[in-house]
Amino acid sequence: MVVAIDGPSGSGKSSVSRGVASALGLAYLDTGAMYRAATWWCLHRGVPLSDVDAVAGQVRTLPLVMGVDPQHPTVHVDGIDVGEAIRTTEISAAVSAVATNLQVRAELGRLQRAEIESARVRGRGIVAEGRDITTVVAPDADVRVLLTASEEARLARRARDVHGSDDAAAVEATRDQVLRRDADDSTVVQFHVAADGVVTVDSSHLDFDQTVQAVLDVVESVVGPRA
Ligand SMILES: Nc1ncnc2c1ncn2[C@@H]1O[C@H](COP(=O)(O)OP(=O)(O)OP(=O)(O)O)[C@@H](O)[C@H]1O
Ligand SMILES: Nc1ccn([C@H]2C[C@H](O)[C@@H](COP(=O)(O)O)O2)c(=O)n1
């Protein structure tokens with residue numbers, strides 16, 4: 001089974017997808033982490049992100065290994081564990097420059113399809129999440145979900161993650177990472193409105209466990225109850 005989940009920043013894609021994959025015994029692919037790893041690789045190799053062709057060339061050499069265990073997802077580039085390095089504010093602020101490079105999207109989309117196919121062939125199945133999984137990378141996935149939440153909920157969640165608080169100052173300091181990034185990313189990919197056949201789950205008024213359950217309910221409604 002392939003489950004595709006898209007949504008804007010802070011909607012809960014990564015954490016909810018891991019919960020769903022764990023519950024169903026599926027692998028888990030964080031495609032945002034692949035764009036972050038590509039950004040880390042370009043900066044590590046001194047490639048200016050404004051040079052579209054140089055970035056694309058560098059990404060074609062990306063020695064990326066994604067660990068797809070939902071309990072312990074990992075990201076290695078050239079043998080280096082970059083799991084923490086790709087979550088820094090520096091990478092979060094820079095990643096849209098790489099994610100809006102259409103040559104990079106073609107290359108990473110190819111790698112993502114290969115990961116999904118490899119899980120499928122091994123008979124394990126996978127939950128893959130990002131911005132264009134339901135529409136471009138795996139439009140033929142068995143289950144396709146758009147996970148949304150209000151701007152207010154998304155900013156508060158990210159503020160709590162990064163600043164340990166969702167007071168006004170923390171929310172303000174989070175705007176760039178959430179709303180500016182979504183605005184930039186939206187110039188090349190659409191993840192605010194569900195495409196035909198994609199089921200919307202709005203988590204604005206759900207807690208984490210309720211949101212995982214809501215997605216599991218969608219899976220069950222599409223593929224039937226688990227054995
Ligand atoms: N339904 C929910 N209610 C409350 N908090 C939630 C809910 N879903 C996720 N969270 C929390 O919100 C934070 C952001 O979630 P997560 O990182 O999974 O979002 P994301 O959509 O993957 O964001 P990004 O695209 O920016 O990486 C996490 O701390 C997560 O535990
Ligand atoms: N399928 C995808 C996945 C991610 N992106 C972009 C959007 C973000 O700016 C960046 C990092 O994603 P995150 O870790 O915050 O989910 O990658 C994309 O364009 N397409």
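Which helices each supply at least two residues of the shell around ligand 1? In this predicted model, the helices that do so are α1 (13–24), α7 (151–163) and α9 (208–223). The shell was examined first by composition and then by individual contacts.

Ligand 1 is surrounded by 18 residues, and S9, K13, S14, S15 and D161 are the closest of these. Sorted by class, the shell comprises seven charged, eight polar and three nonpolar residues.

Polar contacts to oxygen atoms of ligand 1 were found for both side-chain and backbone atoms. The side chain of D161 places an N or O atom 2.6 Å from an oxygen atom of the ligand. For K13, a polar side-chain atom is found 2.7 Å from an oxygen atom of ligand 1. At G12 the contact involves the backbone, with an N or O atom 3.0 Å from a ligand oxygen atom. Ligand 1 taken alone exposes 630 Å², of which 82% is buried by the protein.

Helix α9, which supplies at least two residues of the ligand shell, also contains V223. Together with M1 and V222, V223 makes a nonpolar surface patch of about 230 Å². The relative accessible area of V223 is 44%, so this residue is classed as partly exposed. Because patches are made of residues with over 30% relative accessible area, the value of 44% places V223 above that cut-off.

How values were computed: Residues are numbered from 1 along each chain as its sequence is written. Chains are lettered from A and ligands numbered from 1 in the order in which they are written. This is a predicted model: local features need pLDDT of at least 70, side-chain atom pairs count only at pLDDT 80 or more; totals for chains, interfaces and linings use all residues. Side-chain values use heavy atoms; hydrogens and water are left out. A residue is near a molecule or strand if one of its heavy atoms lies within 4 Å of it. A polar contact is a pair of N or O atoms within 3.5 Å; within protein, one must be able to donate a hydrogen and the other to accept it, and residues adjacent in sequence count only if both atoms are side-chain atoms. Accessible areas come from the Shrake-Rupley method with a 1.4 Å probe; for residues, only the protein chains shown count as cover. Helices (H or I, at least four residues) and strands (E, at least two) are DSSP runs, numbered from the N terminus. Ala, Val, Leu, Ile, Met, Phe, Trp, Tyr, Cys and Pro count as nonpolar, Asp, Glu, Lys and Arg as charged, and the others, Gly among them, as polar. Patches are made of residues with over 30% relative accessible area and no salt bridge: like charges are joined within 9 Å, nonpolar side chains (Val, Leu, Ile, Met, Phe, Trp, Tyr) within 5 Å. A salt bridge is a side-chain nitrogen of Lys or Arg within 4 Å of a carboxyl oxygen of Asp or Glu. Buried means under 20% relative accessible area, exposed over 50%, partly exposed in between (1.4 Å probe, protein chains only).
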